[in-house]
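Hello,

Here is the structure you will be taking over. My notes on it follow below.

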Number of protein chains: 2
Amino acid sequence: MDFKQVVTARYAAKKFDGRAVPEGQIDALLDLVRLAPSSFNLQPWKILVIRDSATKEKLAPAAWNQPQITTASYLLVFLADTDLESLIARMDSQMKTEGVPDARREAFIQMVSGFASRMDGPARLAWAQRQVYLALGNALNGAKSLGLDSCPMEGFDSKAFSEILGLPPHLVPTTLCPIGYAADSPSPKLRFSKDYFVMNHAPAPAVVPA
Amino acid sequence: MDFKQVVTARYAAKKFDGRAVPEGQIDALLDLVRLAPSSFNLQPWKILVIRDSATKEKLAPAAWNQPQITTASYLLVFLADTDLESLIARMDSQMKTEGVPDARREAFIQMVSGFASRMDGPARLAWAQRQVYLALGNALNGAKSLGLDSCPMEGFDSKAFSEILGLPPHLVPTTLCPIGYAADSPSPKLRFSKDYFVMNHAPAPAVVPA
């Protein structure tokens, strides 16, 4: 399945058939998510994998009882990680382990630490959440490439999820991604035409002397 | 090239060789971007395609003269579109044209209009920008699937870009994506291990009566 086939076939499944996705498939999916790009390669996310029905049932009311939550085999909760200092420390240690030259590592860590220190709380969260959507994109396309279905979901109460899941404040539930086998079928894809969303920049004409 | 090969081979090219990407390839790339998912399918983005060297040269200082800007064949500027009312009106009209049943269309438009009306300016922008990253993800992976290289870039002055490009306030430059043929080669991919970013949820043990 090439990328065009993947993005064409992928759709937001509204209901799953409850069949269990083999553990190895979720592992393969998380490998694809792992390779997603992010700003400064900081990967400011954690992915909470929920397998058990009891937890899904407990979360469902905080997602307006949308049937994806309880009918999916796995519920992935994408958390934005705003503890950038811990991520930077981890990156520093991993760069050491992987033999990145000291000068390059130190310059990089200094740059990204400066970047992080200039963002206040809301800016950090907004920044981390944007990166999460790159990871989410890999999860959605990745699922289809593995023969699985998925659904990107923003329709849930992030605070209620935090409470139910006992999450620390620096990990913010940002989007859900149930994974399973669809029990519905896709509607025709409705997208704006390229004429509408593509703007072709025309440079200002050169000034010709009279 | 399957999806795993795409996400493995894709990397942030820091310099391009200046060769022109055929127009048809950019067209094919924009087709892949077009199919990206977004919340409520609102596609709150515009993609400004810059081909000419003069404009790239003019923009470069507002992106700290990173060589990707001027060496890429195409510079895509991803704009978050915060004029949600226009997007909703366009969606309404497209749903009519495509024969979506009136009751379904009206319920959908009412729901999404309510959603939009509850967001203030900053919330709209943050929401639209998150969606842009789904489109960006399709562009980055899509480019690789077409044999092209790319680089996701946040390092630029969004306000300066707006001024230089003469953009209206509702279109906010959010991320850049130069497209071309890389003149560098990828470093080994450095990513956190799954142990670090995957959290396996363990449900609370059932209370067993004594």
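Strand 3 of chain A runs antiparallel to strand 4 (residues 171-180) of chain A, and two bridges join them. Strands here are DSSP runs of E with at least two residues, helices are runs of H or I with at least four residues, and both are numbered from the N terminus. Two strands count as paired if DSSP finds at least two bridges between them. Within this pair, A:Ser150 stands opposite A:Ile179 of strand 4 of chain A. A contact requires that the C-beta atoms of two residues, placed from the backbone, lie within 7 Å.

Before the rest, a note on conventions. This is a predicted model, in which local features need pLDDT of at least 70 and side-chain atom pairs count only at pLDDT 80 or more, while totals for chains, interfaces and linings use all residues. Residues are numbered from 1 along each chain as its sequence is written, and chains are lettered from A and ligands numbered from 1 in the order in which they are written.

Strand 5 of chain A runs parallel to strand 1 of chain B, joined by three bridges; the bridge partner of A:Val198 in strand 1 of chain B is B:Ile47. Strand 2 (residues 74-81) and strand 4 (residues 171-180) of chain B pair in the antiparallel sense over eight bridges, and B:Asp81 stands opposite B:Leu171 in strand 4 of chain B.

As for the contact between the chains, 56 residues come from chain A and 56 residues from chain B. Helix 7 of chain A gives the most to the side of chain A that touches chain B, with 12 residues. The residues on that side of chain A divide into 30 nonpolar, 14 polar and 12 charged (Ala, Val, Leu, Ile, Met, Phe, Trp, Tyr, Cys and Pro count as nonpolar, Asp, Glu, Lys and Arg as charged, and the others, Gly among them, as polar).

Of the 25 residues of helix 7 of chain A, 20 are buried, so this helix is largely enclosed by the rest of the structure. Buried means that 20 or more other C-beta atoms, placed from the backbone, lie within 10 Å of the residue's own. Just after helix 7 of chain A, A:Gly147 takes a positive phi of about 80 degrees.

Overall, chain A has nine helices and five strands, and buried residues make up 41% of its 210 residues.

Regards

Technical notes
Buried ≥ 20, exposed ≤ 12 C-beta atoms within 10 Å, placed from the backbone.
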